[in-house]
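Here is a short briefing on one protein chain. Keep the sequence and the structure open while you read.

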Amino acid sequence: MIGIPRRMIPAVFLAGLLGARIAAAQLIPAAELKPETLEAWEEYERLTEKRVALELESNERFLVQDFLPPSEAARCRQTLTAGGVFLYKMQTRNGKGKPITVPDGIIHHWLGTTFLPGVDLPDLLKWIQDYARHAKYFEEVEESRLLARQGDVFKIFLRLRRKKIITVYYNSEHLVEYRLHGPTRVSSKSYGTKIAQLENPGTSREQEKPQGRDSGFLWRLNSYWRFEQKDGGVVVNCEAVSLSRAIPRGLEWLIKGYVQSVPKESLENTLRAIREGFHGRTKASAPKRSEVRHRSQPRLAFARSRLSNRIWPAW
């Protein structure tokens, strides 16, 4: 019998382990979004938005880090000064100050912050609101389209790919609304109105799984953004809040890392893409004639949206 050379054993072992993980991924049992899980999410969403609304009413403070403990605020400043992305795990608590229990589910709540030096806020917002081109800049976005716009409210489509050992694809739709808070501050909120995991993606048999009856890695996704012009650039905040299934017993080794780490990594990648993608745009060659007319329009115009007082769906 011919043995395996000693130097090849680590590679063979890793290949075998990877193959085992990929095979096991096919055996992950489907999960169902239960009413009690959704009820807990809606409570978390409501209390989070209550806190966000109160912070946005403040005249002196605006960015999320302005409301963090002094030690974390200082860490944030150091990270931004060094040109990095500051990440902070957040948690909304109930009226008694206790964590909100989520039966058969996990809520992932992360704050991400970055700084874009030498950038004007109107130019950055115009770039971000060009949703049809997001697939060009964001690694997780395979396809992007603007479906509709009414004033400062955008309805967008994103085909998403989330990959970490297990690769999962989604068709998703989102409502995004922007709000002006004076000449140097803007906030926005984004609600996923549809997140459908894809079965057999990229093949002739591709189809959407029923929402809430899939692998359970992404059932809900909200994000709350703040932009402030200061210190010679723009500070960008994003609070990303998502809901996933609980980790099935016996499969922690396979999906725990995916469920727990992907939301954080996705947020970090998004903020890095904004910083690098926008600066890459500024270095682009001269615009085509068809683009000049578009760029000559007013730099930023915020109209009062008819939808600003509506109750947003918690899909």
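A nonpolar core is a set of buried Ala, Val, Leu, Ile, Met, Phe, Trp, Tyr and Cys residues joined through side-chain atoms within 4.5 Å. The model is predicted. The largest nonpolar core in it has 39 residues.

**Overall make-up**
- The protein chain has 7 helices and 11 strands.
- Of its 315 residues, 44% are buried.
- Among contacts with a separation of 6 or more, 66% link residues 24 or more positions apart.
- The chain exposes about 17500 Å², and carbon and sulfur atoms supply 51% of that area.

- In soluble globular proteins, nonpolar side chains tend to be buried together.
- Within the largest core, the residues that touch the most other members are Leu124, Trp127, Tyr178, Phe227, Val236, Leu271 and Ile274.
- Several elements each give at least two residues to this core, including strand 3, helix 4 (121-128), strand 10 (220-230), strand 11 (233-245) and helix 6 (252-282).
- Strand 5 (153-164), strand 6 (166-180) and strand 7 (185-199) also each supply at least two.
- Leaving aside neighbours within four places in sequence, Leu124 is in contact with Leu116, Val119, Phe227, Val234, Val236, Ile274 and Phe278.
- Another core of 14 residues lies apart from the largest one; its members include Leu33, Ala40, Tyr44 and Trp219.

**Strand 11 and its partners**
- Why is strand 11 described as largely enclosed by the rest of the structure? Because 13 of its 13 residues are buried.
- Strand 3 pairs with strand 11 in the antiparallel sense, over 13 bridges.
- Pro117 has Gly233 of strand 11 as its bridge partner.
- Strand 10 also runs antiparallel to strand 11, and 11 bridges join the two.
- Glu228 stands opposite Val235 of strand 11.
- Strand 10 and strand 11 form a hairpin with 2 residues between them.
- Asp231, in the turn of this hairpin, has a positive phi of about 55°.

**His108**
- His108 sits in strand 3 (residues 105-117).
- Is His108 buried or exposed? Its relative accessibility is 5%, so His108 counts as buried, the cut-off being under 20%.
- Which side chain makes a polar contact with the side chain of His108? The partner is the side chain of Ser244, at 2.8 Å.

How values were computed: Residues numbered from 1 in each chain as written. Predicted model: local features only at pLDDT ≥ 70, side-chain atom pairs only at ≥ 80, totals over all residues. Heavy atoms only, no water. Helix = DSSP H or I, 4+ residues; strand = E, 2+ residues; numbered from the N terminus. Buried < 20%, exposed > 50% of the residue type's maximum accessible area, 1.4 Å probe, protein only. Polar contact = N/O pair within 3.5 Å; in protein donor to acceptor, adjacent residues only side chain to side chain. Contact = heavy atoms within 4.5 Å. Areas by Shrake-Rupley, 256 points an atom, 1.4 Å probe, with all protein chains shown as cover. Pairing = 2+ DSSP bridges.
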